[in-house]
Amino acid sequence: MKNIDILIIGAGISGAVLAERYASIGKKVLIIEKRNHIAGNCYDYVDENKILVSKYGAHLFHTNEESVWEYVNQFSDWYFWEHKVIARVDDKMVPIPVNITTVNELFNTNISTEDQMKNWLEENRTPLEKPANGEEAVLNRVGPILYEKMFKHYTKKQWDKYPAELDASVLDRIPVRTNYDDRYFSDIHQALPKGGYTQLFENILDNPNIEVLLETDYFDVKDEYANYEKLFYTGPVDRFFEFKHSLLEKLEYRSINFVSETVDGEFYQENSVVNYPGTEVDFTRIIEYKHFGNQISEKTTVVKEFTVDEGEPYYPVPNPRNQEIYARYKTEADKLIDVHFVGRLANYKYFNMDQAFKNALDLFDLLEKENEPLFKTAV
């Protein structure tokens with residue numbers, strides 16, 4: 001498909017949604033994807049144990065955005081799933097987010113009401129009106145004891161930085177409950193797609209106006225594609241500019257090393273996800289995919305996650321230095337005509353899944369409303 005209207009780099013959430021939206025109005029769309037599959041980090045498949053597993057970690061869909069919920073329901077049936085996470089702390093299994101049960105288990109208290117829980121938090125937290133970093137954000141919410149037990153070392157493993165080295169927003173987004181609610185999310189809509197995320201993306205991209213070119217690095221072939229209306233780039237923003245602006249510093253990203261293991265028996269652990277916030281192990285969590293969707297198999301698949309510096313970029317590292325570097329890249333990005341940077345890596349911003357869907361949908365609506373010029377030469 002050399003004659004294309006819309007060129008999209010990356011077949012994850014942002015790229016797939018924009019492809020579907022433009023194809024729906026008759027535009028010829030080409031997606032160039034470096035990996036050998038669509039669906040980005042949401043990609044899942046059935047493994048040798050006949051269990052549906054996610055290649056890049058568990059993805060739990062939740063949203064309060066009705067427009068997003070309506071959109072994804074066009075392309076898959078969904079089943080209700082309220083995600084729960086437990087953590088191994090002091091040889092005990094306690095729920096995350098912190099709630100009444102967490103405190104009672106760890107401190108042998110007898111809290112039973114929301115008022116009592118609020119009082120406990122107030123007595124134990126370190127009040128800070130404007131937390132300056134992640135450590136202060138946690139201290140302001142739960143205080144030093146829970147900070148030490150559940151947040152400090154987990155954050156170091158996750159980011160290779162202690163909370164004090166990260167922006168307050170990273171840890172301020174972690175919920176704390178004053179009741180017994182042990183759900184990880186509290187959104188109105190919480191569900192997983194029947195048949196997995198890969199089939200969801202297959203359905204999103206099922207349009208004769210969309211072509212997907214897999215196992216292709218855009219930067220190896222970009223000179224072959226010139227006459228398009230718009231380009232949407234969803235990869236790391238610094239990679240886009242590395243050939244033109246070699247003096248700009250690289251941004252930091254965190255990656256994950258997934259170590260999978262087949263275990264005999266029905267289940268390995270009591271929950272789909274168990275976090276390990278302490279220093280006794282190097283991994284951050286263990287995921288047992290058999291729990292999702294009540295899957296049946298004679299064996300079970302467990303995956304340990306080790307967060308590392310090298311590898312596929314998953315998480316931007318939001319601290320002042322990286323925000324300053326990103327601001328310089330954004331200045332360069334804003335100079336480009338009809339080239340749009342969209343998604344977690346391109347915007348150097350953490351998006352939940354529903355936020356990524358909404359961001360792409362909103363961008364399409366904005367661009368079509370503005371009716372921008374329809375011709376674009378090679379970047």
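This dialogue goes through how to read some features of a predicted model.

Student: What kind of model is this, and how are its residues numbered?

Tutor: The model is predicted, so local features need pLDDT of at least 70, side-chain atom pairs count only at pLDDT 80 or more, and totals for chains, interfaces and linings use all residues. Residues are numbered from 1 along each chain as its sequence is written, and side-chain values use heavy atoms, with hydrogens and water left out.

Student: What is the mean pLDDT of the protein?

Tutor: pLDDT is the predictor's confidence in each residue, from 0 to 100. Where pLDDT is low, the predicted coordinates should not be read in detail. Here the mean is 94, and 96% of the residues reach 70 or more. Over residues 371-379 the pLDDT is below 50, although this stretch has 31 contacts in the model beyond near neighbours in sequence. A contact means heavy atoms within 4.5 Å.

Student: How does the radius of gyration of the protein agree with that of a compact globule?

Tutor: The radius is taken over C-alpha atoms, and the globule rule is 2.2 Å times the number of residues to the power 0.38. For 379 residues a compact globule would have a radius near 21 Å; the protein has 22 Å, which agrees. Along the principal axes, the C-alpha atoms fill a box of roughly 70 × 50 × 35 Å. Of the contacts with a separation of 6 or more, 71% are between residues 24 or more positions apart.

Student: How many helices and strands are there?

Tutor: Helices (H or I, at least four residues) and strands (E, at least two) are DSSP runs, numbered from the N terminus. The protein has 12 helices and 17 strands.

Student: Which residues of helix 4 are buried, and where do they lie on the helix?

Tutor: Buried means under 20% relative accessible area, exposed over 50%, and partly exposed in between, with a 1.4 Å probe and protein chains only. An α-helix has 3.6 residues a turn, so residues three or four places apart point the same way. In helix 4, residues 114-124, the buried ones are M117, W120 and L121. Seen down the helix axis they fall within an arc of 95 degrees, so they line one face of helix 4. That arc is the one of the directions from the helix axis to the C-beta atoms. The buried residues pack against helix 3 (100-107), helix 5 (134-142) and helix 6 (144-159). On the face turned away from the buried side are the exposed residues D115 and E123.

Student: What does T155 touch?

Tutor: T155 lies in helix 6 and is buried, at 5% relative accessible area. Leaving out residues up to four places away in sequence, T155 touches D160, K161, Y162, P163, L166 and L171.

Student: How many aromatic pairs are there?

Tutor: A pair of aromatic rings is described by the distance of the centres and the angle of the planes. Rings of Phe, Tyr and Trp (its six-membered ring) pair if their centres lie within 6.5 Å; planes under 30 degrees apart count as stacked, over 60 as edge-to-face and the rest as tilted. A search of the whole structure gives 31 pairs. F258 and Y314 have ring centres 6.1 Å apart and planes at 85 degrees, so this pair is edge-to-face. F258 is in strand 12 (residues 253-264) and Y314 in the loop between strand 15 (299-308) and strand 16 (315-316), so the pair ties together parts 56 residues apart in sequence. Y314 counts as buried at 5% relative accessibility. Ring pairs also link F61, W69, Y71, F75, W78, Y197 and F357 into a cluster.

Student: Which charged residues lie over a ring face?

Tutor: A charge sits over a ring if NZ of Lys or CZ of Arg is within 6 Å of the ring centre and within 35 degrees of the ring normal. R35 lies over Y56, 4.1 Å from the ring centre, and K290 lies over F267 at 5.3 Å.

Student: Where are there a cis peptide bond and a positive phi?

Tutor: Most residues other than glycine have a negative phi, and most peptide bonds are trans. I96 and P97 are joined by a cis bond, with omega about 5 degrees; P97 is in the loop between strand 8 (92-96) and helix 3. N108, which is not a glycine, has a positive phi near 55 degrees. N108 lies in the loop between helix 3 and helix 4 and is exposed, at 64% relative accessible area. D160 also has a positive phi, of about 55 degrees; D160 is in the loop between helix 6 and helix 7 (168-172) and is partly exposed at 36%.
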